[in-house]
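Please load the model in your viewer and keep the selection panel at hand.

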Amino acid sequence: MAPLFVSERIAAPQPIASMPGVHQWPINRIAEEARSLAALGIRSVLLFGIPAHKDAEGSGAYPPDGVVQRAVREIKNALPELVVMTDVCLCEYTDHGHCGLINGLAGPKDPRLPEGYVLNDRTLEILGRTAVSQAEAGADVVAPSGMLDGMVAAIRRDLDAGGFHSLPILSYSVKYASGFYGPFRDAAEGAPRFGDRSTHQMDPSNVREAMREHALDVEEGADGLMVKPALAYLDVIRATRDRFPDLPLAAYNVSGEYSMVKAAAANGWVDERRVALEILTGIRRAGADLIITYHARDAATWLAE
Ligand code: PBG
C-alpha cells in the first residue's frame with residue numbers, strides 16, 4: 001500500500017526534502033499519481049490530507065469538500081478498482097499539530113484535566129464525523145491513527161448510523177511513540193508545536209501492552225490491526241500474528257525507516273534495491289499481510305523487472 005500526501009496549499013507537486021522520491025500532490029494531480037502506481041500493480045493507497053487552513057478544532061478534517069474528501073472522489077472516479085484507505089486523525093488539521101482537541105485551546109476547559117492535555121472524548125466526536133465524511137466521499141477503508149481511547153467504537157457507531165455498516169476499519173491499534181516519524185511530520189506538516197505524543201502513543205519497550213491495545217480494538221470492532229513502526233518492531237508484528245491469527249495485519253514501514261535507506265543509498269553505503277527488498281521481506285516474514293511503505297513504487301518496479 002502506497003501512502004499519498006495531498007495538499008490544498010500547492011499548485012504543483014512538491015518534493016519532500018526529508019523523503020527523497022515522495023511528493024505532496026495538488027488535488028487535481030492526485031488521480032494521475034494514483035494511476036501511475038496502479039499501472040505498476042499497486043492495488044491500494046493510503047491518503048493523508050494537508051488542508052488550506054488549520055485551526056484548534058481541526059475543522060478541515062470533515063467537510064464534504066475537504067482536501068481528503070475531494071482527493072478520494074478524484075481517485076475513485078478515475079480508478080474505481082483501486083482500494084483507497086483514508087487516515088482518520090486531526091494532527092494534519094490542527095494548528096497545534098496534536099491528534100486531538102487540546103484542553104484550554106478548544107471550547108470550554110475541562111477542570112479535571114491539566115491544560116495542554118488531549119480531550120479524548122470530544123475528539124472522538126470529530127473523528128467519527130471525519131470517518132463518515134470520508135466514507136461519503138467513497139473511501140473503501142478508514143484508518144484511525146491517533147491512538148485515542150475508544151476511537152474504533154466511536155467510528156464504528158457513527159459509520160453504522162450513517163449507513164456504512166460494511167465499511168471496514170483498519171485501526172492503527174499499536175502505534176509506538178517513535179523517533180522514526182520525523183520525516184512524516186514534514187510531509188504532512190503535522191509536527192506538534194508543543195509537547196509530544198507520549199501520553200497516547202506507546203512506550204517502545206513494552207510489548208504486552210501492545211497485545212492489550214490490539215485486544216481492545218478488536219472488542220470495539222476493528223476489522224484489521226496494525227503495528228507501527230515496522231522495522232524496530234518485528235517481534236511485535238510476529239506476536240500480533242500469533243495472538244490474532246484471524247484478523248488482517250498491516251505493518252507501517254514508516255517515514256524514518258524509508259529515509260534512512262534513501263540517505264545511505266545516496267551516499268553509496270548500501271545497495272538500495274537489495275536493502276529495501278530485504279526489509280520488506282523481513283516485515284512480511286514477521287507476519288504482516290499488508291505493508292504500508294513509501295518504497296511501494298520502487299519495490300513494484302524492481303519486482304516487475
Ligand atoms: C498521525 C500519523 C503519523 C504517521 C502516520 N499517521 C504521525 C505521528 O503519529 O506523529 C507517521 C507515518 C510515518 O512516519 O510515515 N496522523
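Is R241 buried or exposed? The model is a predicted one, and in it R241 has a relative accessible area of 15%. The cut-off for a buried residue is under 20%, so R241 is buried.

**First stop: R241 and D289**

Select R241 together with D289. The two residues form a salt bridge, and the closest N and O atoms are 2.5 Å apart. R241 belongs to helix α7 (residues 234-243), whereas D289 sits in the loop between α9 and β10, so the pair ties together parts that are 48 residues apart in sequence.

Side chains of opposite charge can pair when their charged atoms come close. In total, the structure holds 14 salt bridges.

Next, select R29 and E32. Both residues lie in helix α1 (residues 27-39), where they are three residues apart, about one turn of the helix.

Move on to K109 and E115. Their side chains meet in a salt bridge with an N to O distance of 2.9 Å. K109 counts as partly exposed, with a relative accessible area of 47%, and E115 is exposed, with a value of 56%.

Then select R156, D160 and D223 as one group. These three residues are linked in a network of salt bridges.

Which residues are the closest to the centre of the largest pocket? The space in the largest pocket amounts to about 490 Å³. Its lining consists of 19 residues, and the closest to the centre are M1, G41, I42, I291 and A296; selecting these five will centre the view.

Colour the secondary structure elements to follow the lining. At least two lining residues are supplied by each of α9 (272-286), β10 (290-293) and α10 (296-304). Colouring by residue class shows 12 nonpolar, four polar and three charged residues in the lining of the largest pocket.

The volume of the second largest pocket is about 410 Å³. To find its centre, select N120, M147, D149, T199 and H200, which are the closest to that point among the 21 residues of the lining.

Which helix gives the largest share of the lining of the second largest pocket? That share, four residues, comes from helix α6 (residues 208-220). By class, the lining of the second largest pocket comprises eight nonpolar, eight polar and five charged residues.

**Last stop: A264**

Finally, select A264, which is part of helix α8 (residues 255-266). A264 has a relative accessible area of 16%, and the cut-off for a buried residue is under 20%, so A264 is buried. To see its surroundings, display W269 and V270: A264 touches both, leaving aside residues up to four places away in sequence.

Conventions:
Residues are numbered from 1 along each chain as its sequence is written. This is a predicted model: local features need pLDDT of at least 70, side-chain atom pairs count only at pLDDT 80 or more; totals for chains, interfaces and linings use all residues. Side-chain values use heavy atoms; hydrogens and water are left out. Buried means under 20% relative accessible area, exposed over 50%, partly exposed in between (1.4 Å probe, protein chains only). Contact means heavy atoms within 4.5 Å. On a 1 Å grid over the protein atoms alone, a cavity is a set of points where a 1.4 Å probe fits but cannot get out, and a pocket is an open set with protein on both sides within 12 Å along at least five of seven lines; lining residues have an atom within 4 Å of a point. Grid points are joined across faces, edges and corners, and a volume is the space filled by probe spheres set on the points. Ala, Val, Leu, Ile, Met, Phe, Trp, Tyr, Cys and Pro count as nonpolar, Asp, Glu, Lys and Arg as charged, and the others, Gly among them, as polar. A salt bridge is a side-chain nitrogen of Lys or Arg within 4 Å of a carboxyl oxygen of Asp or Glu.
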